[in-house]
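Welcome! Let us walk through this structure together, one piece at a time.

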Amino acid sequence: MRYCTSPGWSSGEDFLAYLINTFNCLYREGQYAPKMMTVGLHPRLSGRPGRTEIIKKFLDYLSGYSKVWVTTRAQISEHWYRNFLPDIVLA
């Protein structure tokens, strides 16, 4: 929604800078404890061609780093279910 509200991002490059800065901070902090970065995208606002290019640039940026998992909410849920579910029967 930052594309539509003030103060917000006046360009996709503003959004890209925000994503990269957030990632850099969390990646650095992740050396000591796991971190998770969520990027919520609205299809009508972020799905415009010029804005999808920013997402592509960000994903390209991430590809230069190790130990980064780009995933979906469903994949995170499945991961936690398989690896961390308590040994109890759920009703």
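This is a predicted model: local features need pLDDT of at least 70, side-chain atom pairs count only at pLDDT 80 or more; totals for chains, interfaces and linings use all residues.

Which residues of H1 are buried? They are Gly12, Phe15, Leu16, Leu19, Ile20 and Phe23. If you look down the axis of H1, these buried residues fall within an arc of 130°, so they line one face of the helix. That buried set packs against H3, and H3 is where we turn next.

Helix H3 runs over residues 49–62, which makes 14 residues. From its first C-alpha to its last, H3 reaches 20 Å, close to the 20 Å expected at 1.5 Å a residue. The buried residues here are Arg51, Ile54, Ile55, Phe58 and Leu62. Seen down the axis of H3, they fall within an arc of 95°, so they too line one face of their helix. What covers them? The cover includes helix H1 (12–29) and helix H2 (43–46). On the face of H3 turned away from its buried side, you will find the exposed residues Pro49 and Gly50.

Now let us look at the aromatic rings. The structure holds seven aromatic pairs. One of them joins Phe23 and Phe58: the ring centres are 6.5 Å apart and the planes stand at 80°, so the pair is edge-to-face. This pair links distant parts of the chain, with Phe23 in helix H1 and Phe58 in helix H3, 35 residues apart. Are these two residues buried or exposed? Phe23 counts as buried because its relative accessibility is 7%, and Phe58 is buried with a relative accessible area of 6%; the cut-off for buried is under 20%.

Phe23 has another partner in Tyr65, again in an edge-to-face pair, with 4.9 Å from centre to centre and 75° between the planes. Phe23 lies in helix H1 and Tyr65 in the loop between H3 and helix H4 (73–84), so this pair ties together parts that are 42 residues apart in sequence. Tyr65 itself counts as partly exposed, at 28% relative accessibility. To see how these rings belong together, find Phe23, Tyr27, Phe58, Tyr61 and Tyr65, which form one aromatic cluster.

Finally, step back and take in the whole protein. How many helices and strands does the protein have? There are four helices and zero strands, and from the N terminus on the elements run α-α-α-α. Of the 91 residues of the protein, 16% count as buried. The accessible surface comes to about 7400 Å², and 56% of that surface belongs to carbon and sulfur atoms. As for contacts between residues at least 6 apart in sequence, 55% join residues at least 24 apart. The pair of Phe23 and Phe58, 35 residues apart, has already shown you one link between distant parts of the chain.

Definitions and conventions:
Residues are numbered from 1 along each chain as its sequence is written. Side-chain values use heavy atoms; hydrogens and water are left out. Helices (H or I, at least four residues) and strands (E, at least two) are DSSP runs, numbered from the N terminus. The expected span of a helix is 1.5 Å times one less than its number of residues. Buried means under 20% relative accessible area, exposed over 50%, partly exposed in between (1.4 Å probe, protein chains only). The arc is that of the directions from the helix axis to the C-beta atoms. Contact means heavy atoms within 4.5 Å. Rings of Phe, Tyr and Trp (its six-membered ring) pair if their centres lie within 6.5 Å; planes under 30 degrees apart count as stacked, over 60 as edge-to-face and the rest as tilted. Accessible areas come from the Shrake-Rupley method with a 1.4 Å probe; for residues, only the protein chains shown count as cover.
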